[in-house]
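The sequence and structure are shown below.

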Amino acid sequence: MVKMTRSKTFQAYLPSCHRTYSCIHCRAHLANHDELISKSFQGSQGRAYLFNSVVNVGCGPAEERVLLTGLHAVADIYCENCKTTLGWKYMLGIQQ
C-alpha cells in the first residue's frame, strides 16, 4: 500500500498506534518497536540495532566485511525515500 504523507510517498506506512523507528532525515517509517531484536550491536559509527524486519528500505550489493565479530557477508541498506544509508543487513552468502 502506498500512502501520501506530507508530500512524501512511502511504500509502507506503519500504524500510529505502535511505537515506530523512522529515518532521521525524512521520517519515513522503518520498523515497529515489536520488530526490534537487539540494541547490543556496535557499528563503525556507533550503536547499531538488529531488527527482525523493516520497510521502506533499499539494499545495495552484498560484500564480505570484517566486523567486530569476524568476517560476514553484508549489504548496505538505505532509506528508499531520501537514499540515506541506514546501516547494513546480514546476507546468507555472496553469490558469485
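Arg-65 is placed in strand β7, which covers residues 57-67; strands (E, at least two residues) and helices (H or I, at least four) are DSSP runs numbered from the N terminus. The model is a predicted one, in which local features need pLDDT of at least 70 and side-chain atom pairs count only at pLDDT 80 or more, while totals for chains, interfaces and linings use all residues. Residues are numbered from 1 along each chain as its sequence is written, and side-chain values use heavy atoms, with hydrogens and water left out.

With a relative accessibility of 22%, Arg-65 counts as partly exposed; buried means under 20% relative accessible area, exposed means over 50%, and partly exposed lies in between (1.4 Å probe, protein chains only). Its side chain makes polar contacts with the side chains of Glu-63, at 2.6 Å, and Asp-76, at 2.8 Å. A polar contact is a pair of N or O atoms within 3.5 Å; within protein, one must be able to donate a hydrogen and the other to accept it, and residues adjacent in sequence count only if both atoms are side-chain atoms. Neighbours within four places in sequence aside, Arg-65 is in contact (heavy atoms within 4.5 Å) with Gly-70, Leu-71, His-72, Val-74, Asp-76 and Trp-88. Ala-75 is 10 residues from Arg-65 along the chain, and their C-alpha atoms are separated by 9.3 Å.

## Aromatic pairs

How many aromatic pairs does a search of the whole structure find? The search finds 4. Rings of Phe, Tyr and Trp (its six-membered ring) pair if their centres lie within 6.5 Å; planes under 30 degrees apart count as stacked, over 60 as edge-to-face and the rest as tilted. One of the pairs joins Tyr-21 and Phe-51 edge-to-face, at 5.1 Å centre to centre and 70 degrees between the planes. Because Tyr-21 belongs to strand β3 (residues 20-22) and Phe-51 to strand β6 (residues 46-51), this pair ties together parts 30 residues apart in sequence. Tyr-21 is buried at 18% relative accessible area, whereas Phe-51 is partly exposed at 22%.

Phe-41 and Tyr-90 form a tilted pair, at 6.5 Å between centres and 55 degrees between planes. Phe-41 lies in strand β5 (residues 36-43) and Tyr-90 in strand β9 (residues 85-90), so this pair links parts 49 residues apart in sequence. Phe-41 is partly exposed at 27% relative accessibility, as is Tyr-90 at 35%.

## Tyr-49 in the ring cluster

Ring pairs link Tyr-49 with Tyr-21 and Phe-51 into a cluster. Tyr-49 lies in strand β6 and is partly exposed, with a relative accessible area of 31%. Its side chain is joined to that of Arg-47 by a polar contact of 2.9 Å.

Residues up to four places away in sequence not counted, Tyr-49 touches Tyr-21, Leu-36, Ser-38 and Lys-39. Of these, Leu-36 is 13 residues from Tyr-49 in sequence and 7.3 Å away in space, C-alpha to C-alpha.

## The β3-β4 hairpin

Strand β3 pairs with strand β4 (residues 29-32) in the antiparallel sense over 3 bridges; two strands pair if DSSP finds at least two bridges between them. The hairpin has 6 residues between its strands, and Arg-27 takes a positive phi near 70 degrees in it.

Asn-32, in β4, is the bridge partner of Thr-20. Asn-32 is buried, at 16% relative accessible area. Beyond four places in sequence, Asn-32 touches Leu-14, His-18, Arg-19, Thr-20, Tyr-21 and Phe-51.

## Nonpolar core and overall fold

Which residues make up the largest nonpolar core? Its 5 residues are Cys-23, Cys-26, Ala-28, Leu-30 and Cys-79. Such a core is a set of buried Ala, Val, Leu, Ile, Met, Phe, Trp, Tyr and Cys residues joined through side-chain atoms within 4.5 Å. Not counting residues up to four places away in sequence, Cys-79 touches Cys-23, Cys-26, Ala-28, Asn-56, Thr-84 and Leu-86.

The protein has 9 strands and 0 helices. Of its 96 residues, 24% count as buried. Among contacts with a separation of 6 or more, 24% are between residues 24 or more positions apart. The protein exposes about 6,900 Å², of which carbon and sulfur atoms supply 50%; accessible areas come from the Shrake-Rupley method with a 1.4 Å probe, and for residues only the protein chains shown count as cover.
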